[in-house]
Amino acid sequence: MSKLFVDEIQPKTTGGIIGVKGHVLQVKYFQLTTPQTESVSIGDTDMAVTNFNVIITPNSTSSIIKLEANIMYESANAPQDTMWFFYRNTTKLGATGNLGSRKGGISSGVISYRDNNASTPEFATLAYFDQPQTTSAITYKLGVITSASNSLFINRTVSDLNSGGYERGVSLISATEIGG
């Protein structure tokens, strides 16, 4: 994480701060260290993952918010048909344009082993640069879409036995404000 030095910020007349372009102004994050199960009741429907959100209030309308998420999970079925993305409040962020019936998202770096849905977790790493153009509080959430109803076992494997072959992990979401 970058350090923010006092001489790298300038006071605003309203009492807030404006950062120097390109400098980190603030970082907000949520980190989950315990297991959680997320039920997807309807396939091919965007949904927010429970508890995976972070609230940030930008200092300037020209700020850029860098979103990052790392999630360790195991899918009960069809991990290859899972896409991850972010929401800005209720707006889905990710692939745009004419998607047709394709799933849209960000989902860079999904690693899965589809022949084993009991003891081999999947991992997804996401990053996205957002330009919200506001100084109001924003809630960013982690979103997911899968091809069918499904259970996602976050920070654990499906079977979760107390044995060396059944991993547990940590997942997180963060929002970093960069002066624009």
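A salt bridge is a side-chain nitrogen of Lys or Arg within 4 Å of a carboxyl oxygen of Asp or Glu. The views below come from a predicted model, in which 5 salt bridges are counted by this rule.

**View 1. Salt bridge between arginine 88 and aspartate 130.** The closest N and O atoms of arginine 88 and aspartate 130 are 2.7 Å apart. Arginine 88 belongs to strand S7 and aspartate 130 to strand S9, so the pair ties together parts that are 42 residues apart in sequence. Arginine 88 is partly exposed, at 22% relative accessible area, whereas aspartate 130 is buried, at 3%.

**View 2. Salt-bridge network of Arg156, Asp160 and Arg168.** Aspartate 160 meets the side chain of arginine 168 at 2.7 Å, N to O. Between arginine 156 and aspartate 160, the closest N and O atoms are 3.9 Å apart. Arginine 156 is buried, with a relative accessible area of 14%; arginine 168 is exposed, with 54%.

**View 3. Strand S12 and its pairing with S3 and S6.** S3 (residues 24-32) runs antiparallel to S12 and is joined to S12 by 8 bridges; valine 24 stands opposite isoleucine 178. S6 also pairs with S12 in the antiparallel sense, over 7 bridges, and here leucine 67 stands opposite alanine 175. Of the 8 residues of S12, 7 are buried, so this strand is largely enclosed by the rest of the structure.

**View 4. The largest nonpolar core, with 25 residues.** Trp84, Phe86, Tyr140 and Leu142 touch the most other members. Strands that each supply at least two residues of this core include S5 (47-56), S7 (82-88), S10 (138-146) and S12 (171-178).

Technical notes: Residues are numbered from 1 along each chain as its sequence is written. This is a predicted model: local features need pLDDT of at least 70, side-chain atom pairs count only at pLDDT 80 or more; totals for chains, interfaces and linings use all residues. Side-chain values use heavy atoms; hydrogens and water are left out. A nonpolar core is a set of buried Ala, Val, Leu, Ile, Met, Phe, Trp, Tyr and Cys residues joined through side-chain atoms within 4.5 Å. Buried means under 20% relative accessible area, exposed over 50%, partly exposed in between (1.4 Å probe, protein chains only). Helices (H or I, at least four residues) and strands (E, at least two) are DSSP runs, numbered from the N terminus. Two strands pair if DSSP finds at least two bridges between them.
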